[in-house]
Amino acid sequence: MALLCDYLDFGSPFNDSDADVILRSRSVQADVSLEEIRTTATHFRVHKLFLIKASPIFERLLSETSSSQSPNHDKELKIKRDSYDGLPVLCLSEDCDTLHSLLTAIYPTDIGYPRTLEAMMKTYAAAKKYCMSSVLTLFRTYRSGMVPVVTTANAFRAYLFAFNEGLREEAFEAARLTLTLPQTFETYGKDLCNASGPALQALWRHRQASLRAVGIGIRDCVMEVGDLRGWRNSSPRDKSCCAEPGTRPRDQFLAFTRRLVADLSLMNFSHFIEAMSSQGVFKCPSCKAPVRFDLFRLFVCLERHVDESVERASPRLWPFLPMGCRRG
Amino acid sequence: MRAELLSLFDPAEEVADARPLREEPRKFGKPFDRVDADLIIRSCDQVDFHVHKVVLGIASVVFEDMFTAPGPPPHEKGQDVPIINLTEDSKTLHHLLTVIYPVDPVIPGTLEEALWLLATCQKYEMDSTAYCVRFLLKQRTPPLLTALNSFRTYGIACRYHLKEEALLAARLTLERPMNFDACSGDLHIISGADLFRLWGYHNECIKAAKNCIGQMKRHGDGGGPPSLSKSCSGSVHVGKYDTEGLQSVPRWWHGHFLNRVGDRPSPKTITDRPAFERALAVHRSSSSCAACLQPDESRVDNTICVAFEAKLTAAIDQVSVSLGDQ
């Protein structure tokens with residue numbers, strides 16, 4: 001069976017006549033018959049100067065291209081060399097969309113930002129592979145101002161993508177998002193099939209350490225709020241006489257925090273309100289007048305303590321994620 | 001392969017190159033140093049085993065093909081006997097050769113060694129040798145494969161496509177809850193895909209165990225499991241528990257066994273004797289059930305548990321776990 005590859009030109013702006021090198025994308029299967037398998041790869045006609053300025057890896061690769069001793073195959077980077085139309089060709093392992101995003105980031109043209117989780121991870125991984133740190137920063141900065149691509153719902157998948165691509169920073173962020181979901185087989189479902197053993201163990205260890213940090217944050221918050229006397233609502237409607245709010249508000253608050261340690265998905269304001277008001281209105285132990293608490297301020301305090309504690313623990317959590325991160 | 005496995009068992013441990021560059025080959029010694037040997041197999045740690053082609057050829061399809069393939073055998077300078085370098089270490093080759101030669105077999109002392117040996121048998125297509133190894137391992141006391149190391153065994157067995165060991169290990173994992181905490185120590189060994197399949201297997205086994213208990217109950221009266229003495233009343237003789245009728249007698253223990261399925265659908269866990277006796281004691285004290293107050297208690301308990309365990313084992317044995325490539 002013959003293996004045939006067609007080359008497609010990407011077109012503007014990567015088809016300038018003064019281009020001096022071609023980047024060839026990974027070929028994709030186009031057609032299969034009994035006699036042959038046809039694949040297509042996309043050509044980006046680009047200028048060495050841009051690549052050399054943006055990436056020390058391309059700088060090395062392109063300087064080798066012009067020397068006669070350059071090896072025909074860079075096994076580490078999975079790059080082959082070829083020639084086409086009288087131009088040197090670097091056959092890269094990235095797909096067409098990834099290369100397009102990368103090149104638009106270094107050319108004076110509209111930037112093709114990756115839109116999906118998968119495209120984002122692939123582009124970040126490619127930028128990292130070619131040591132294009134400014135491109136990586138550009139994409140990360142852009143992403144931070146947009147609607148997040150990585151959410152609680154796809155955090156596990158994002159973690160695996162990032163871990164497998166060696167993107168430690170993204171793996172860490174996604175791992176943190178997975179904390180709000182229970183670590184069960186039901187939660188991960190078929191996404192588990194994309195996970196390596198080391199990725200799963202790193203996530204499990206990260207989770208254990210993070211939950212310890214959450215516990216410390218909760219403890220700090222409980223110490224700060226005391227018996228909640230300083231957290232009463234200063235509304236004029238609050239006509240209770242006593243200074244001490246009694247034990248019930250604190251008990252209910254503690255009960256909520258205990259549930260929180262076991263299930264971080266409860267960390268939202270509606271769950272908090274529900275927990276604090278589940279047994280009716282708090283009443284002043286002396287005059288029995290209703291006592292209102294500033295639940296929003298209380299919740300913000302709790303959230304802040306937990307976030308700060310996890311943040312403080314971050315340097316200790318990072319080591320849980322390097323193993324499988326290939327280039328991390 | 002052993003180096004790869006070692007790195008799995010302790011990722012922090014740097015695996016030394018098993019074949020130092022300048023190390024001189026050395027002979028293993030008796031019984032693999034006979035002068036009539038016509039082949040030397042060299043382990044990755046540079047130990048030479050003087051063996052006979054005919055023995056290896058009979059035991060292994062791969063060796064047989066190698067010996068009958070055209071082309072000169074690999075000789076070393078000054079050596080009359082051809083030498084074949086293998087990737088296995090001397091310990092594994094020693095275990096392997098003692099099984100195929102008429103000498104006392106040396107059985108692997110650890111689970112990992114046993115799995116390496118079986119993986120080696122599989123690699124060289126030594127089916128009857130693998131059969132012998134499995135037989136010898138089954139005779140070993142205490143057994144190498146236990147519920148405690150079952151997740152680890154499952155992970156390694158899946159990696160090396162040892163279907164039989166993967167299934168045995170999967171069955172033993174039924175004695176443990178199927179969650180990330182239970183297998184956390186072995187997670188780095190098990191791929192996510194294998195873990196996902198194991199989870200599916202657990203769910204199937206839970207279903208099978210519940211069905212099995214449910215069928216036994218329905219076979220009796222079609223009603224729910226009674227829990228009061230009134231339901232257990234009537235003349236029930238010890239002898240009755242020895243009969244097939246046992247499985248159709250609607251008793252409170254149907255409910256007890258169903259509750260015990262939980263997330264550990266192992267027949268052994270479900271019919272755990274001390275748990276059954278505790279449940280029986282609670283039943284008696286709460287219901288004053290005369291029917292369950294038999295004089296020969298241990299016989300009754302054992303008979304019930306044994307009968308249920310056998311039924312459950314047969315049901316669980318019907319459930320299989322698939323390896324990735326099947």
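Reply: Two strands pair if DSSP finds at least two bridges between them; strands (E, at least two residues) and helices (H or I, at least four) are DSSP runs, numbered from the N terminus. This is a predicted model, in which local features need pLDDT of at least 70 and side-chain atom pairs count only at pLDDT 80 or more, while totals for chains, interfaces and linings use all residues. Residues are numbered from 1 along each chain as its sequence is written, and chains are lettered from A and ligands numbered from 1 in the order in which they are written.

Me: In which sense do β1(B) and β3 of chain B pair?
Reply: They pair in the parallel sense, over two bridges, β3 being residues 47-51. B:R26 has B:V47 as its bridge partner in β3(B).

Me: What is the order of the strands in the open sheet of chain B?
Reply: The order of the four strands is β1-β3-β2-β4, with mixed pairing. The edge strands, β1 (26-27) and β4 (83-85) of chain B, each pair on one side only.

Me: At what angle do helices α5 and α6 of chain B pack?
Reply: Axes are lines fitted to C-alpha atoms, for helices over the stretch in contact, and angles run from 0 to 180 degrees between N-to-C directions. Here α5 (111-123) and α6 (127-139) of chain B pack at about 160 degrees, with axes 9 Å apart. α5(B) and α6(B) are therefore roughly antiparallel (angles over 145 degrees count as such).

Notes: Angles under 35 degrees count as roughly parallel, over 145 as roughly antiparallel, 65 to 115 as roughly perpendicular and the rest as oblique.
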